[in-house]
Amino acid sequence: MSESVVELSRLQFAITAMYHFLFVPLTLGLSVIMAIMESVYVMTNKQIYKDMTLFWGKLFAINFALGVTTGITLEFQFGTNWAYYSHYVGDIFGAPLAIEGMMAFFLESTFIGLFFFGWDRLSKRQHLMVTWLVALGSNLSALWILIANGWMQNPVGAEFNYETMRMELMSFTEVIFNPVAQVKFVHTVSAGYVTGSMFVLGISSYYLLKKRDLAFARRSFAVAAGFGLAAVLSVIVLGDESGYAAGEVQKTKLAAIEAEWETEEPPAAFTLFGLPNQETQQTDYAIKIPYVMGIIATRSFDEEVKGIKELIEENEARIRRGIIAYGLFKQLRQQLKEGKVSEETKAEFDQYKKDLGYGLLLKKYTSKVVDATDEQIISAAHDTIPSVALLFWSFRIMVACGFLMLFIFVMAFYLTAKRTIMENRWLLWLALFGIPLPWIACEMGWIVAEVGRQPWSIAEILPTYLSTSTRSIGDLYFSLAGFIGFYTLLLVVELYLMFKYARLGPSSLHTGRYHFEKS
Amino acid sequence: MLIDYETLKLIWWVFVGLLLIGFALTDGFDMGVGALLPFLGKNDEERRVIINSIGRTWEGNQVWFITAAGAIFAAWPIVYAVAFSGFYIALLLALFALFFRPVGFDYRSKLQNPRWRSTWDWGLFIGGVVPALIFGIAFGNLLQGVPFHFDNELRAYYTGSFWGLLNPFALLAGVISLSMLVMHGAVYLQLRTEDVIYVRSQKAVKFFGGLLIITFALAGVWVAVGIDGFKVISMPPLDALPNPLAKSVEMVPGAWMSHYEMTPWTMLIPGFAFVGAFLTILLSHFNAPGRAFISSSATLVCVILTAGVSMFPFIMPSSTQPDSSLIVWDASSSHLTLTIMFWVTVILVPLIVLYTSWVYRVLRGKITVQYIRENEYSSY
């Protein structure tokens, strides 16, 4: 396994996944917002709500096309670039992906055509049902993919089988009800709702600032303000819940996010700002708020949050047990080949097998594992800590965006209720230029989730280093160049159309009722 | 568990086959129509008619493909791993070509500029032709065996090159795949359009139906005399834990014909493929596009089944280390995963077929130039 193939595969996955996630949250949020608008239309029978559904639907379509385009990549990529991973955990990981296809993608993609082209062929109620089914489909897809992702973070309900050389499913209910997956799902879909709301809020603000299509813009603004406020509150509360879940199962991730080098007296302080330095294992210029982190992570005043240095020591011990596990595993494979498996070796292996993954961390340094030197073991133990500065800052940027949006939605909701948005142009400007905020927060959130999982592709089971396909550097440069080329081009086209249609506003519906069509 | 492991392994061969057939039957005509688009549509309005005949439903059709990939991941993880990483460059080319479709459909008519529109038309053409060819080429390589092997920890090594995939037999298989999907697409167009496009589609059915018959017959002869098949010499019991290194396999000339010799009625499958293609041409010629569509669907099913049945129980034979070949009995997931996925599939797929049919029924009818003019801004 060459280091650069691993690095390039990671880079490619990061680029394609983060790029895909530029479109997913808007699909999640806008599909629900459209369904809400259409529900109002069906209840009140006011044409303007139908126009709103149609217009935001137009922007939805521009975004959705790229979501679909970039989604196929991800369904392929586990196989093309992460073949050993796919073999090693496919028994568990493949199932939610397949179910996602059958339960969610079909629903979403089959009804999307009817959403756009079924207006004249369906009764109002039927069409409304179709719209809700599209929204349901996209939300279900988030559920299943996050069950899969949650399992990577916290691999429950599965066991390693030395005979088949892979992880095998033991309990599917444990995989589905994995607490990490559950909080991740609600946190992520709420983030999608915030994204959709911020998008509608910001673009509506633009029309209000331009004093165009006021009735249309005001109503859109109001829907976005209400839905967005609920969503942003839930993102923050569930994000906090997510932190709690991480504190339970992913102690290294939490310690890295907080740059907590030493285990502190409980309740631990929260570092608001600082410059984490992985070399010297300390945070320079740290500004700390006492007690806060201990309370978030443990929900108590007396439980401690483990520091990085202590975690490295613990992991070193697990690596040493992992070496034994790997040795026993090798013996078992040999015995299996010769057709005489000793029950004794099996029993002993079972004792050590939960640390097998830690043994595999040494593969980066020595292919035999069992001959690892102390120096290599210590290096591997240090590898168990992900990049602290990256996590520390991504997390803080995400949270800052979250609170800024909370402020925007609170004000938008309050001023809508008071009917004074038009007099508060500063908020309209803020909402307009705040449109990128949810995207920044979402991408930062993914960095926290996925960089925080390193050095594992499956936490404590399979190192990322071992997960790739055996392809050459040339292959990777080819695919990487292809993705970057196509994706850049597509993004330019998408943004061009998005800006064009957003500027045009509801006039793009050609109903004759809106700004650019009146003379 | 209700169903024993051995039976489930077999059922999953059937299920993956069904998903691939579902993909060919539905998205197959979308790709075929894409391939025909620049030639059958001579001006913008005609092209819009063609695009709108599939534009409202293609998205759901593509999900058959995505789901088939997902199901292979879940049911045959090692096949997913070896095939997708082995065919790396080829699959990425198919993927890049597929990129053109979602954006092609949705973005094409959002601007008036003729160059913009014509660029996306060719994009849709690539999105139809390239994947159709590559899927056929992949099957052509499966039939000949693929150069890969495993180490003792089941890491797969692919030792061939991309250009090696483009050998004459595989290219022939690519043409079979392309011509059958384009025939299917042309029949579909005949069903959904009128006037000039209808007439041009009719011609396309004849051409590509004929091409299918010739190439399929050629491939049959080639498989019988020209390429070595694979044969399992010994293996663990069928319900054993999957271990692709535990059997021995040999390459035997004419081995892919052995099923037909042992069970002569299976000859009906390739036989019906020929009959179906002839019938499709006839029905299309005598202006019965509905029945022609059924016939062309049956043809597709028979062509795909022919490949599957010839190779059974092989899924992905290895040409460089035949013992590493992946077969139905040693490439599957665990008993529990196969069981869960069995129930998921049995419940969800009929439901999918049901609501998909409803959507097609709601959106039925011919797409006309008149319709495009009346829906200038809301249609694709």
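Predicted model: local features only at pLDDT ≥ 70, side-chain atom pairs only at ≥ 80, totals over all residues.
pLDDT is the predictor's confidence in each residue, on a scale from 0 to 100.

**Entry 1. Confidence**

The mean pLDDT of chain A is 92, and 98% of the residues of that chain reach 70 or more. I then asked which helix of chain A has the lowest confidence and which the highest. Helix H10 (residues 292–298) of chain A is lowest, with a mean of 74; helix H2 (residues 24–44) of chain A is highest, at 97.

**Entry 2. Salt bridges in chain B**

I began with helix H2 of chain B. One bridge joins the side chains of B:Asp44 and B:Arg117, at 2.8 Å from N to O. This pair connects distant parts of the chain, as B:Asp44 lies in helix H2 (residues 44–55) of chain B and B:Arg117 in helix H6 (residues 114–144) of chain B, 73 residues apart. Are the two partners buried or partly exposed? B:Asp44 counts as partly exposed because its relative accessibility is 31%, which falls between the limits of 20% and 50%. B:Arg117 has a relative accessibility of 5% and therefore counts as buried.

I next examined B:Glu45, which forms a salt bridge with B:Arg373, the closest N and O atoms being 2.8 Å apart. This pair too links distant parts of the chain: B:Arg373 is in helix H14 (residues 369–374) of chain B, B:Glu45 is in helix H2 of chain B, and 328 residues separate them. B:Glu45 is partly exposed, because its relative accessibility is 28%.

**Entry 3. Salt bridges in chain A**

I found that shared partners join A:Arg318, A:Arg321, A:Lys354, A:Asp355 and A:Glu460 into one salt-bridge network. I also recorded the bridge between A:Asp475 and A:Arg471, with the closest N and O atoms 2.9 Å apart. Both A:Asp475 and A:Arg471 are buried.

I looked up how helix H4 (residues 83–117) of chain A packs with helix H3 (residues 58–75) of chain B: the angle is about 165° and the axes are 7 Å apart. Angles over 145 degrees count as roughly antiparallel, so H4(A) and H3(B) are roughly antiparallel to each other. The crossing of H4(A) past H3(B) is left-handed. Which residue classes make up this contact? I recorded 14 nonpolar, 9 polar and 1 charged.

How values were computed. Residues numbered from 1 in each chain as written. Chains lettered and ligands numbered in written order. Heavy atoms only, no water. Salt bridge = Lys/Arg side-chain N within 4 Å of Asp/Glu carboxyl O. Buried < 20%, exposed > 50% of the residue type's maximum accessible area, 1.4 Å probe, protein only. Helix = DSSP H or I, 4+ residues; strand = E, 2+ residues; numbered from the N terminus. Axes fitted to C-alpha atoms, helices over the stretch in contact; angles between N-to-C directions. Parallel < 35°, antiparallel > 145°, perpendicular 65-115°, else oblique. Left-handed = near helix turned anticlockwise from the far one by under 90°. Nonpolar A, V, L, I, M, F, W, Y, C, P; charged D, E, K, R; others polar.
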